[in-house]
Amino acid sequence: DKFKLLLALFVVFGTWICDAGRFCALAFAAHEKVSFPLGIILTWLNYFGSAVTPMQSGGGPFQVYALYKKGIPVGKGIAITLMRTMLTILILTLAVPAALMLDPDILEGSPFLKGLVFYVFVVILATWAFVAFTIIKPELIKKLSRSVVMWLRKIKFMKSNRMVVKIVQWLDKEIDNYILNFKLAFNTGKLWVVLAVVLSVLHLLALFSVLPVLMSAVGLPFRYMQTIAVQAVFMFILYFVPTPGASGVAEGGGALLYSILMPANMAGVMAIICRFFTDYISIFMGVVVVIRMLGWG
């Protein structure tokens, strides 16, 4: 059904709108201004950066760079992009246990997937602990950054003491900006943070709605809530797969999990088609943005 394929594309547009909107909301919470077109660019940059780095970690640095080019300090840029990522992880962390309780068959018969889910929970707990540590103990982070700078000076990576002083001062200022961002967000920017949470939920719902639309397009029966539950577990795993853009696991894991929702002979094909709509189109747009921003060289 070509109309439903077109509908799936419009749902993808909806995910971009929600993602861009939450960037704008989180920036406003930090008393910074991010326009909606810049929010769309940040969304595409995230897809591109995530696709070429292990554990999808490269999206953030691209976004921080784009924000810095627009006059937002690096410390605040890191805090904004980190809050955006942590909101998604928080929602998935709450949604996945609920999904597994409602539909325990998702992981039945697959010790590999059970192990992956356990591994992701451990990584997420460690990530939350680290973020909390950076907020509670910023002075220790400053001391650590100074130690790294002094070590670089010792191995003659930096040629002058003047450069060391400048870098230390810059790092101290950006760590202060990072902490200030969180203070502003949870004091004067609470309503913007609430809006970002709502947009994060809508973003995930739109993203997870692409698969049932595609299943409907080829005449496959489905239960909407079951497709949401399976994809929540799947995305939860993909966030911390140590391959660039979760490549390999995304396709193979998708075929394995989607076989719960449809005949096994369709699961692999549908996993590729769904990933084309939800990821590859956005990655291509990210490539275009990076070339326009950085050039071919």
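**Exercise 1. Is Lys 142 buried or exposed, and at what relative accessibility?**

Solution. The model is a predicted one.

Step 1. The relative accessibility of Lys 142 is 7%.

Step 2. Buried means under 20% relative accessible area. Lys 142 therefore counts as buried.

Step 3. The side chain of Lys 142 forms a salt bridge with that of Glu 139, at 3.7 Å from N to O.

Step 4. Both residues belong to helix H6 (residues 138–154), and because they are three residues apart, about one helical turn separates them.

Step 5. Glu 139 has a relative accessible area of 47%, which makes this residue partly exposed. The salt bridge of Step 3 thus joins a buried Lys 142 to a partly exposed Glu 139.

**Exercise 2. Find the salt bridge between Asp 19 and Arg 84 and state which helices it connects.**

Solution. 

Step 1. The count of salt bridges in the model is seven.

Step 2. In one of them, the side chains of Asp 19 and Arg 84 meet at 2.9 Å, N to O.

Step 3. Asp 19 is in helix H1 and Arg 84 is in helix H4 (residues 74–102), so the bridge ties together parts that lie 65 residues apart in sequence.

Step 4. Asp 19 and Arg 84 are both buried.

Step 5. Another salt bridge links the side chains of Asp 279 and Arg 275, at 3.5 Å from N to O. These two residues are four apart in helix H11, so about one helical turn lies between them. Arg 275 counts as buried, at 11% relative accessibility.

Step 6. Through shared partners, salt bridges join Asp 19, Arg 22 and Arg 84 into one network.

**Exercise 3. Classify the aromatic pair Phe 13 and Trp 16, then describe the surroundings of Trp 16.**

Solution. 

Step 1. Seven aromatic pairs are counted in the model.

Step 2. For Phe 13 and Trp 16 the ring centres are 5.3 Å apart and the planes make an angle of 45°. Planes under 30 degrees apart count as stacked and those over 60 as edge-to-face, so the remaining angles are tilted. The pair is tilted.

Step 3. Both residues sit in helix H1 (residues 2–29), three residues apart, or about one turn of the helix.

Step 4. Phe 13 is partly exposed at a relative accessible area of 32%, while Trp 16 is buried at 9%.

Step 5. For contrast, take Phe 276 and Phe 277: the ring centres are 5.6 Å apart and the planes stand at 90°, so this pair is edge-to-face. Phe 276 is partly exposed, with 42% relative accessible area, and Phe 277 is buried, with 10%.

Step 6. Phe 13 and Trp 16 belong to one aromatic cluster with Phe 10 and Trp 44.

Step 7. The side chain of Trp 16 also makes a polar contact of 2.8 Å with the side chain of Ser 282. Ser 282 is located in helix H11 (residues 264–294) and is buried, at 0% relative accessibility.

Step 8. Leaving out residues up to four places away in sequence, Ser 282 touches Trp 16, Trp 44 and Tyr 47. Trp 16 and Trp 44 are both members of the cluster in Step 6.

**Exercise 4. Describe the setting of Leu 211 in helix H8.**

Solution. 

Step 1. Leu 211 is placed in helix H8, the helix that also gives six residues to the nonpolar patch.

Step 2. The relative accessible area of Leu 211 is 0%, so this residue is buried.

Step 3. Not counting residues up to four places away in sequence, Leu 211 touches Gln 231, Tyr 258, Leu 261, Met 262, Met 270 and Cys 274.

Step 4. From Leu 211 to Pro 61 the separation is 150 residues in sequence and 29 Å in space, C-alpha to C-alpha.

Technical notes:
Residues numbered from 1 in each chain as written. Predicted model: local features only at pLDDT ≥ 70, side-chain atom pairs only at ≥ 80, totals over all residues. Heavy atoms only, no water. Phe/Tyr/Trp six-rings, centres within 6.5 Å; stacked < 30°, edge-to-face > 60°. Buried < 20%, exposed > 50% of the residue type's maximum accessible area, 1.4 Å probe, protein only. Polar contact = N/O pair within 3.5 Å; in protein donor to acceptor, adjacent residues only side chain to side chain. Contact = heavy atoms within 4.5 Å. Salt bridge = Lys/Arg side-chain N within 4 Å of Asp/Glu carboxyl O.
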